[in-house]
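Here is a structure to get to know, one region after another. Take a look before reading on.

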Amino acid sequence: MAQNVGDYLLHRLREWGVQKVFGYSGDGINPLMASWYQAGNDPRFIEARHEEMAAFEACGYAKFSGRPGVCVATSGPGAIHLLNGLYDAKLDHQPVVAIVGQTNRTAMGGSYQQEVDLHTLYKDVASAYVQTVNTPEQLPNVLDRAMRVAMSERTVTALIVPADVQELEYSPPQHAFKMVPSSMGAEWPTTVPDDEAIRRAAEVLNAGEKVAMLVGQGARDARQEVIEVADRLGAGVAKALLGKDVLPDDMPFVTGAIGLLGTRPSYEMMREADTLLIVGSSFPYSQFLPEFDQARAVEIDIDAKFIGMRYPTEVNLVGDAATTLRALVGHLEAREDSSWREKIEKDVADWWHTMDEQAHVEGDPVNPMRIFTELSARLPEDVIVSADSGSSANWYARHLRFRTGMRGSLSGTLATMGPGVPYAIGAKFAHPDRPAIAMVGDGAMQMNGLAELITIKRYQREWTDPRLVVCVLHNNDLNQVTWEMCAMSGSPKFLESQQLPDVDYAGWAQSLGLGARTVTSAEELGEAWDFALSADRPVVLDVHCDPNFPPIPPHATLDQAVKSAKSMIAGDPDRWGVIKQGVKTKAQEFIPGLGSDK
C-alpha cells in the first residue's frame, strides 16, 4: 500500500527518535489522525484536554528530557490555542516543533471555515523556522530543518500542512532542478572560546577579591565545572530561577535564587561583590546585580545573541559552559583569603534558619511556606518538581532545598499561569520511572489544572512510578497579583478581580478515582505529604492556606512598604491580616522565633 504524506510524516518523526507527540485532534488534521491509526500509534499520541496544555506538555517534556518536544493541532482554533505554550517554550529556550493543519489549498483565500493566515500568526513564535508543506516532495526537507533548527537554536519551529496535502501520495524529492533533497541527523560541535579570550577573562576574575557567580539553566550540564571554578575563586553562587536545579541547595556557598523571588544572601552578595561571573543565564533584572561601576564582569553563554546584554561585561565568552569553564579553571588563582566565602556561607546558613522560622509562623489555617518546608525534607532523590506562576513560585524559589539529581522548572521568562500541571505530565512521559510534583495556586488550578487531571487519570497506568502529586495552594485569592497591586501600585485589593470561587479540589480528584487529601491545619501537612509520596496513584493535596502571607521580597524597598501601607489604609479588606502576618514573617529575619508555632 502506498504511503501518503501523513504516513511519511510519522515515519520521519520516528526516524528522528520522536517517541511522544502531545496534541488534540480536529478536521484540519483528520488525515494525519488516520495515518496515526495505520501506524499503530507510533510515535505515541498523547491527548491533552486543550491545545495550550499540549504545548505546555511538549515544553515540559523538552525541559526534563533534553530532547525536542513535539505537539500537533488542527487548523484555525487549534493552531491558535497552541500559541501560549509555544511562547513559553520559545522564551525559555526549549526545542519544540509544532505541526498544525490548514484548510485545503483549494479553499485558501476564500474566507473558508477555520482559514487563518498561519504564516502571519506563527511568524513571531516560530520566527526561526516556519514553513507550509505544499507538495509531498517538500516534506522531508521542511521537517528535517524544523527539527535541526529547534535543537540547534533551542527554540520553537512550525510545520503547516494543509489537510489535502496530508492525503496526497508521498513521493520523495528527485535529483532534479528545483528539488531539495534532505538527510537525517546532526552532529553538534562543542564550542569553546580561543585561548586569548580565556586568558583575558581569567585576568579579570583573578583581580577580584569578592567574586560572585550567577548561573542559569545553560550551566546545567556544567555542575562540576561550576563548583570547581567557585572553589578556586572563593565565590558564592546565586541561581537564576530556571537554574534552580543546576547546583544543590545543600552546598554552603550556594546563595539560592536571585531577583524578586530571590534570597537575602543572593541580594547581599551582589551588593558587595567586586567581580561577577555569569554562566548560562539571561536573568533580566539588572537591578539585582552589582551596580554598574561596582564590579568587573565576565559572561559565558553558548548563544552570542544573548550574551553581554544584562550587565556591562568586560569579556564575553561564547561557548559551551562546561568546556569553557574547564579551559578557564587552569588560569585561575586559588584564593588565600577565605573571609569572603566564609561570610557568604554564614549568611546562607542564617538564611535557611530564617526560612524555617518563617515557615513556622502560625497561619489561619495554614502558612503556605510551611507546605514547601515540610515537602523539602521529604523530596525523593530523583524527584521532578514543577511550579506554577504566582505566589507558589516564590515559595518554590526560596523554601525548597534541592539536592543533587533533583530537577525542577517553571515558566521562567513568559511567567504565564497554567504550566504547573502540564509540565508535570510532560515530566512523567519523559521519565515515567521518576516521581513528579506540581506546586500550583488555586487560580492556575481553576484556569486549566482541573481539566488536566483527566489527562493524568487517563495515562496514570503507563508510568512505572505512579507518583504524581498536584499540591493546590487553596486560598481563594490571586495572591501574587494582590501583592503586586498593593506594593507596586499602592492599590487595595479589587475583590471582583482577585477573589476566586471556592472549589473542592480534593473532591474533584476523588471523583476521577485519583488519590486526594484535604489539609486544613499545619499539623496535618507532614502526614499528608507522606501519604501522597507513598501512594500507588496520582494524588491531589488540597491545602487550605492563609491568603494573608504576602510574598514579600527579602529586600523589599521602603517605597514598596509605603505603597503597601497606603493601600491598606485605603481599605484593603484583608489589611489587618496581611499586616499581622507580613510583620510576623518579616520579623523572623531580625528576631528569630517571634510568632513561630514551633
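## Two cis prolines

Pro-43 sits in the loop that runs between helix H2 (30-38) and strand E2 (44-47). Helices here are DSSP runs of H or I with at least four residues, strands are runs of E with at least two, and both are numbered from the N terminus. The peptide bond leading from Asp-42 into Pro-43 is cis, with omega near 5 degrees. Another cis bond goes from Asp-364 to Pro-365, again with omega near 5 degrees, and Pro-365 belongs to the loop between H13 and H14.

A word on the source: this is a predicted model, where local features need pLDDT of at least 70 and side-chain atom pairs count only at pLDDT 80 or more, while totals for chains, interfaces and linings use all residues. Residues are numbered from 1 along each chain as its sequence is written, and side-chain values use heavy atoms, with hydrogens and water left out.

## Two loop residues with positive phi

His-93 isn't a glycine, yet it has a positive phi of about 60 degrees. You'll find His-93 in the loop between helix H5 (83-91) and strand E4 (96-102). With 23% relative accessibility, His-93 counts as partly exposed; the scale is buried under 20% relative accessible area, exposed over 50% and partly exposed in between, using a 1.4 Å probe and protein chains only.

Gln-114 is another residue other than glycine with a positive phi, near 60 degrees. Its loop is the one between E4 and helix H6 (118-122). Gln-114 is partly exposed too, at 27% relative accessibility.

## The nonpolar cores

Which residues have the most contacts inside the largest nonpolar core? They are Leu-82, Leu-86, Tyr-122, Met-445, Leu-453, Ile-456 and Val-470, in a core of 55 residues. Helix H3 (residues 51-65) supplies the largest share of this core, eight residues. A nonpolar core, by the rule used here, is a set of buried Ala, Val, Leu, Ile, Met, Phe, Trp, Tyr and Cys residues joined through side-chain atoms within 4.5 Å.

Leaving aside residues up to four places away in sequence, Leu-82 touches Glu-51, Ala-55, Cys-71, Ala-73, Ala-98, Val-100 and Tyr-122. Contact here means heavy atoms within 4.5 Å.

## Helix H14

Helix H14 (residues 368-376) is mostly covered, with nine of its nine residues buried. Among them are Pro-368, Ile-371, Phe-372 and Leu-375, along with Arg-370 and Glu-374. At the start of H14, a side-chain oxygen of Asn-367 comes to within 2.9 Å of the backbone nitrogen of Met-369.

The charged residues of this region have partners as well: Arg-370, Glu-374, Arg-378 and Asp-530 are linked in a network of salt bridges. A salt bridge is a side-chain nitrogen of Lys or Arg within 4 Å of a carboxyl oxygen of Asp or Glu.

## Salt bridges elsewhere

How many salt bridges does a search of the whole structure find? The search turns up 31. One of these links Glu-47 with Arg-49, where the closest N and O atoms are 2.7 Å apart. Arg-49 is partly exposed at 24% relative accessibility.

In helix H11 (residues 264-272), Glu-268 and Arg-264 lie four residues apart, about one turn of the helix. Their side chains meet in a salt bridge (2.9 Å, N to O). Glu-268 counts as buried, at 19% relative accessibility, whereas Arg-264 is partly exposed, with a relative accessible area of 24%.

## Where H11 meets H13

Glu-272 pairs with Lys-343 in a salt bridge, the closest N and O atoms being 3.5 Å apart. Glu-272 is in helix H11 and Lys-343 in helix H13 (residues 339-359), so this pair ties together parts that are 71 residues apart in sequence. Glu-272 is partly exposed at 30% relative accessibility, and Lys-343 is partly exposed at 33%.

A cavity is a set of points on a 1 Å grid over the protein atoms alone where a 1.4 Å probe fits but cannot get out, and lining residues have an atom within 4 Å of a point. The second largest cavity holds about 40 Å³ of space.

Key. Polar contact = N/O pair within 3.5 Å; in protein donor to acceptor, adjacent residues only side chain to side chain. 1 Å grid on protein atoms, 1.4 Å probe; cavity = no way out; pocket = protein on both sides within 12 Å on 5 of 7 lines; lining within 4 Å. Points joined across faces, edges and corners; volume = space filled by probe spheres on them.
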